[in-house]
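Please read them with the structure open.

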Amino acid sequence: MVMSSSSDHIISSTSKEIKDRRMFVGIVWNCAAELKLVLTALLFLCSFATVLQFLPSRSFFLSPSDLRHCLSTSTSTSLSNTTTLTPNYSSPLTTTTQLLLHTDQNQTLLNNGVLKRAFNPYGSAAYNFVFMSAYRGGPDTFAVVGLSSKPLHLYGNPTYQCLWLPHDHDPIGVTPGLKILPDWGYGRVYTVVVVNCTFPTSAGADGKGGQLLIHATTNGGGDRNINTTDTILALDETPEDFARFKEQFTSQPKYDYLYCGSSLYGNLSPQRVREWLAYHVRLFGGRSHFVIHDAGGVHDGLMNVLRPWMEKGFVTVQDIRDQERFDGYYHNQFLIVNDCLHRYRFAAKWLFFFDVDEFIFVPKKSNINSILDSLSSFTQFTFEQMPMSNKLCLSQDAPTAFRKWGFEKLVYKDVKRGIRKDRKYAVQPRSVFATGVHMSQNIVGKTTHNTDGRIKYFHYHGTIAERREPCRQFINSTEITVDTIPYVMDTTMRDIAGAVKRFELKMIGSALQRTRQ
């Protein structure tokens with residue numbers, strides 16, 4: 001009897017569980033359509049929010065982050081009325097995006113039913129003018145050197161007006177400034193601008209001093225509804241300044257030859273610069289000067305090489321590192337050489353423009369003075385390049401290569417034909433208004449390229465930028481082809497090395513004997 005009662009209880013419990021399960025399945029089955037709809041809607045919303053993250057936010061009134069915020073808020077509200085989500089404004093970018101997307105100024109509904117969209121500018125992509133320097137070029141003329149927005153000049157028509165304000169009486173009037181863009185289109189965000197201001201009458205020639213103002217006007221460039229004019233105090237000349245200019249303007253130049261160096265940057269080799277400087281001081285002679293522009297490349301080791309020559313009066317170093325703020329071509333190389341042109345326009349007979357891995361050469365039977373005397377009827381001349389290998393050396397030099405100078409051991413010349421080789425140049429600066437890297441296109445007078453056989457330069461490309469032994473392949477041959485480039489042995493520069501070393505020792509002693517690569 002006990003066993004039968006227990007069995008009946010088990011059967012009764014099992015039947016009840018089966019009925020409960022059937023009831024739950026029945027309820028679910030009856031609500032299947034509603035559940036499918038809810039699940040489908042949730043899947044769609046989640047998928048839509050995911051896709052929006054990969055689309056540009058500017059194409060929609062709501063950004064993906066806004067949609068996620070709305071979804072999160074709605075979900076949180078349905079789960080708990082006490083939950084509040086606050087947008088995260090800690091990121092400046094997030095704050096700016098929300099301001100731009102939700103401002104009422106972005107759209108207006110017109111009476112005819114058209115939705116008028118608005119465009120609201122913020123900030124500035126590039127400056128109208130970045131002033132570097134201004135120099136007097138004569139009793140009535142000045143040059144102003146700077147940078148300006150390249151798109152502004154490429155697609156707009158900015159203009160410049162020049163005004164001279166004497167210190168003791170009224171302005172002499174406004175004259176249009178002639179803008180020159182000397183960087184041949186190489187500029188990046190910024191392009192180089194040289195503004196020539198030539199007044200119809202003398203400006204400050206009475207020696208009483210005055211100010212040169214430049215009005216730089218965009219003429220609708222950048223925003224056609226706005227004509228922005230920036231007034232720049234380019235020059236504030238004292239009577240003493242004019243007296244110094246007049247003396248320089250009417251006297252013979254202090255230097256025969258002045259080197260205008262391009263921007264130096266990177267981890268440059270002190271030893272290569274040491275060789276280059278000793279070589280060219282010897283070549284150009286006692287009435288020469290070298291202007292080095294430091295764009296980040298004059299480190300302590302390099303400064304140790306320059307200092308003895310600075311103390312002798314042959315070298316000036318200018319710190320131009322701040323120009324890196326403005327994205328121009330090759331560390332603003334065109335800007336720097338144009339400043340150098342006008343800064344030393346009356347200080348030298350000839351200005352030379354070439355790089356510190358290039359060595360000017362004149363034949364043994366002549367000298368730099370006689371060559372330039374023969375070219376004095378020209379405002380500008382260019383000279384050809386002799387490209388040298390930066391790694392091929394003679395096998396016989398292998399045991400002592402580390403003691404030899406770069407141009408002494410790199411003796412293989414590239415003789416590949418049919419390719420254009422860059423030329424470098426020199427000018428008589430008084431007849432030049434603006435300049436470039438490989439030549440000037442803004443001169444008064446003649447240019448000649450017919451200098452072959454009289455003056456040329458040997459180019460050791462890349463050696464200045466490597467602080468290591470340049471010889472990486474030693475050769476026992478007078479001719480060789482490496483990487484499809486034919487080379488022949490040329491010992492022209494090697495033969496001069498001994499004389500250059502003795503010259504350096506005579507001029508500055510043994511101060512640089514332990515210079516490292």
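This is a predicted model: local features need pLDDT of at least 70, side-chain atom pairs count only at pLDDT 80 or more; totals for chains, interfaces and linings use all residues.

1. Every value here is computed from it.

2. The largest pocket has a volume of about 800 Å³. Its lining counts 35 residues. Closest to the centre are Y330, D355, D357, H459 and H461.

3. Where the lining comes from. The largest share comes from β11, with four residues.

4. Aromatic pairs. The model holds 37 aromatic pairs. Take Y190 and F326 as one of them. Their ring centres are 5.7 Å apart and their planes stand at 85 degrees. An angle over 60 counts as edge-to-face, so this pair is edge-to-face.

5. What that pair connects. Y190 belongs to strand β8 (residues 190–198). F326 sits in the loop between β13 (315–319) and α9. The two are 136 residues apart, and the pair links distant parts of the chain. Are Y190 and F326 buried or exposed? Both are buried.

6. A second pair. The rings of F359 and F407 have centres 5.2 Å apart. Their planes meet at 50 degrees, so the pair is tilted. F359 is in strand β15 (residues 358–361), while F407 is in helix α11 (residues 406–409). The pair therefore ties together parts that are 48 residues apart in sequence.

7. Burial of the second pair. The cut-off for buried is under 20% relative accessible area. F359 has 4% relative accessibility, so it counts as buried. F407 has a relative accessible area of 2% and is buried too.

8. Aromatic cluster. Which residues form one aromatic cluster? They are Y257, Y259, W276, F284, F290, W350, F352, F354, F381, F383 and Y457. Show them together when you inspect the model.

9. Charges over rings. Two contacts deserve a look. The charged end of R136 sits over the ring of W164, 5.5 Å from the ring centre. Likewise, K446 places its charged end over the ring of F378, 4.9 Å from the centre of that ring.

Conventions
Residues are numbered from 1 along each chain as its sequence is written. Side-chain values use heavy atoms; hydrogens and water are left out. On a 1 Å grid over the protein atoms alone, a cavity is a set of points where a 1.4 Å probe fits but cannot get out, and a pocket is an open set with protein on both sides within 12 Å along at least five of seven lines; lining residues have an atom within 4 Å of a point. Grid points are joined across faces, edges and corners, and a volume is the space filled by probe spheres set on the points. Rings of Phe, Tyr and Trp (its six-membered ring) pair if their centres lie within 6.5 Å; planes under 30 degrees apart count as stacked, over 60 as edge-to-face and the rest as tilted. Buried means under 20% relative accessible area, exposed over 50%, partly exposed in between (1.4 Å probe, protein chains only). A charge sits over a ring if NZ of Lys or CZ of Arg is within 6 Å of the ring centre and within 35 degrees of the ring normal.
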